[in-house]
Amino acid sequence: MARPYGSRSTREREYIPPLPDSKSKEKLVRLSPLVPQEIHATAFKNAQALGMTMGKYVAALIARDQVDENGVPLWASEIREPQPAQAELPVETDS
């Protein structure tokens with residue numbers, strides 16, 4: 001059974017820098033995410049309208065991504081799944 005889109009946990013993974021592509025004069029590295037077909041089509045149209053490649057379009061989006069003091073993108077709350085409410089424990093007081 002295939003995993004749902006976006007289900008891979010990356011929080012535990014360590015960043016390992018990829019090797020630059022041997023054909024790249026600018027020492028660029030590959031970024032190959034899988035996305036839904038409609039997202040790919042939108043990105044392609046947007047890149048085409050800007051007169052740039054998909055790679056340059058994605059790089060431009062990432063370069064403009066704004067993050068908070070913890071490094072979390074500012075738009076993260078729009079896509080995060082709601083966390084289950086935590087039950088409060090009763091507080092015992094000596095009276």
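Author: A residue is called exposed when its relative accessible area is over 50%, and buried when that area is under 20%. The model discussed here is predicted.

Reader: Why does Ile62 count as exposed?

Author: The relative accessibility of Ile62 is 53%. The cut-off for exposed is over 50%, so Ile62 counts as exposed. Ile62 is part of helix H2, which covers residues 54-63.

Reader: What makes Leu31, Leu61 and Ile62 a patch?

Author: Leu31, Leu61 and Ile62 form a nonpolar surface patch, and their accessible area together is about 320 Å². Membership requires over 30% relative accessible area; Ile62, at 53%, is therefore above that cut-off.

Reader: What joins the side chains of Asp21 and Arg30?

Author: A polar contact of 2.9 Å joins them. The limit for such a pair of N or O atoms is 3.5 Å, so a value of 2.9 Å falls within it. Leaving aside residues up to four places away in sequence, Asp21 touches Leu28 and Arg30. Asp21 itself sits in the segment before helix H1 (37-50).

Reader: How many helices and strands does the chain have?

Author: The chain has three helices and zero strands, and its elements run α-α-α from the N terminus on.

Conventions. Residues numbered from 1 in each chain as written. Predicted model: local features only at pLDDT ≥ 70, side-chain atom pairs only at ≥ 80, totals over all residues. Heavy atoms only, no water. Helix = DSSP H or I, 4+ residues; strand = E, 2+ residues; numbered from the N terminus. Polar contact = N/O pair within 3.5 Å; in protein donor to acceptor, adjacent residues only side chain to side chain. Contact = heavy atoms within 4.5 Å. Patch = residues over 30% accessible without salt bridge, like charges linked within 9 Å, V, L, I, M, F, W, Y side chains within 5 Å. Areas by Shrake-Rupley, 256 points an atom, 1.4 Å probe, with all protein chains shown as cover. Salt bridge = Lys/Arg side-chain N within 4 Å of Asp/Glu carboxyl O. Buried < 20%, exposed > 50% of the residue type's maximum accessible area, 1.4 Å probe, protein only.
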